Amino acid sequence: MSRKVLVLGEARDGSLRNVSFEAIAAAKTIAEGGEVVGVLVGKAVSALGAELVHYGADRVVVVEDEKLTQYTSDGFAQALLAVIDQEKPAGLVLGHTSLGKDLSPRIAGRLSSGLISDATAVEVAGGNIVFTRPIYSGKAFEKKIVTDGLIFATVRPNNITPLAKEESKTGEVSSLSVEIKDLRAVIKEVVRKATEGVDLSEAKVVISGGRGVKSEEGFAPLKELAQVLGGAVGASRGACDADYCDYSLQIGQTGKVVTPDLYIACGISGAIQHLAGMSNSKVIVAINKDPEANIFKVADYGIVGDLFEVVPLLTEEFKKLKVHS
Ligand SMILES: Cc1cc2nc3c(=O)[nH]c(=O)nc-3n(C[C@H](O)[C@H](O)[C@H](O)COP(=O)(O)OP(=O)(O)OC[C@H]3O[C@@H](n4cnc5c(N)ncnc54)[C@H](O)[C@@H]3O)c2cc1C
């Protein structure tokens, strides 16, 4: 049964986040041959519409307003609800990002709809749209279907493969005028914490440091390895609590959830709260002095050793491989 599915594209610093394209791929599965409509909300975002089309959206609806310059759940909800009212979709997909996590329950509440959050896969099976999502901090997975009403889901970044980009694909980009009113909060300015390099949530390679890194300077070899591999640096809460790095790097139950192709844990013991944020990474490498460390239970490759010896050796080897490739 084909159906119309809306996808909210997420823009940051003038470009779309990858999760927008992954959400389109999920929407294509849900639509079962029906129409996939991209939605863009913000100020001066219509130029990004074509890119949503290149990644599979059939057309795009844009809501632009000065009051939508910065994300507020109130303002974005008004805009998205107006598009939903116009389009009357059977499905809706958002990224399971900070924005998606904040906005989706509000939308579900307003529509009296259910919500399948943090889906890592979506497929058609037995005539149903079946979502897979992790539960118990990633220790198990459950499969869910929607039996009634809107098929509404958020998808975890880095899990669903986007469709190949087709630059020649064209689709209408139309605008919808919405009166954004009675905002309870107005964000004047967002001051970002300085983060270097690749965005941690969407990185394909993450090099993470724990208390074993021992100091702020101890992160230097990890940063170098991350740079050679084109990855991002993450951390355990132990390292953040010890003030070796900023909390924006924290991975785990109360930090970021990452699913990179490669996760290298350096001097991290592998507490359950840390595993909750990284155990679904595709390949996990653990470097730890203690052969009994819990992190080795989830690692695909384990190196028992001092990270200050092992990490520079890895960096040198990867540098050589890059020269020869
Ligand atoms: C409610 C709650 C929420 C939490 N949320 C999170 C969360 O989101 N993320 C998170 O990470 N934690 C979280 N924690 C904390 C968690 O329980 C652990 O305390 C924390 O993950 C430990 O960090 P760590 O592994 O860096 O430190 P440690 O447990 O102290 O481990 C350090 C490791 O480094 C190894 N090591 C030391 N020196 C070296 C060396 N030179 N070379 C190699 N290895 C070395 C040691 O063998 C050890 O295994 C939470 C806890 C609670 C109660």
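This briefing covers the ligand site and the salt bridges of the structure above. The model is predicted: local features need pLDDT of at least 70, side-chain atom pairs count only at pLDDT 80 or more, and totals for chains, interfaces and linings use all residues. Residues are numbered from 1 along each chain as its sequence is written, and side-chain values use heavy atoms, with hydrogens and water left out.

**Around the ligand**
- The ligand is surrounded by 26 residues, each with a heavy atom within 4 Å of it.
- The closest are Arg211, Ser236, Thr254, Ser269 and Asn288.
- By class, this shell has 15 polar, six charged and five nonpolar residues. Asp, Glu, Lys and Arg count as charged, and Gly is among the polar ones.
- Helices H6 (237-241), H7 (272-278) and H8 (307-324) each supply at least two shell residues. Helices are DSSP runs (H or I, at least four residues), numbered from the N terminus.

- A polar contact is a pair of N or O atoms within 3.5 Å.
- Glutamine 273 places a polar side-chain atom 2.8 Å from a ligand oxygen atom.
- A polar backbone atom of isoleucine 251 is 2.9 Å from a ligand nitrogen atom.
- An N or O atom in the side chain of aspartate 306 lies 3.1 Å from a nitrogen atom of the ligand.

**Salt bridges**
- The structure holds 24 salt bridges (a side-chain nitrogen of Lys or Arg within 4 Å of a carboxyl oxygen of Asp or Glu).
- One of them joins glutamate 87 and lysine 4, with the closest N and O atoms 2.7 Å apart.
- This pair links distant parts of the chain, 83 residues apart. Glutamate 87 is in helix H3 (residues 73-87), and lysine 4 is in the segment before strand S1 (5-8). Strands are DSSP runs (E, at least two residues).

How values were computed: A polar contact is a pair of N or O atoms within 3.5 Å; within protein, one must be able to donate a hydrogen and the other to accept it, and residues adjacent in sequence count only if both atoms are side-chain atoms.
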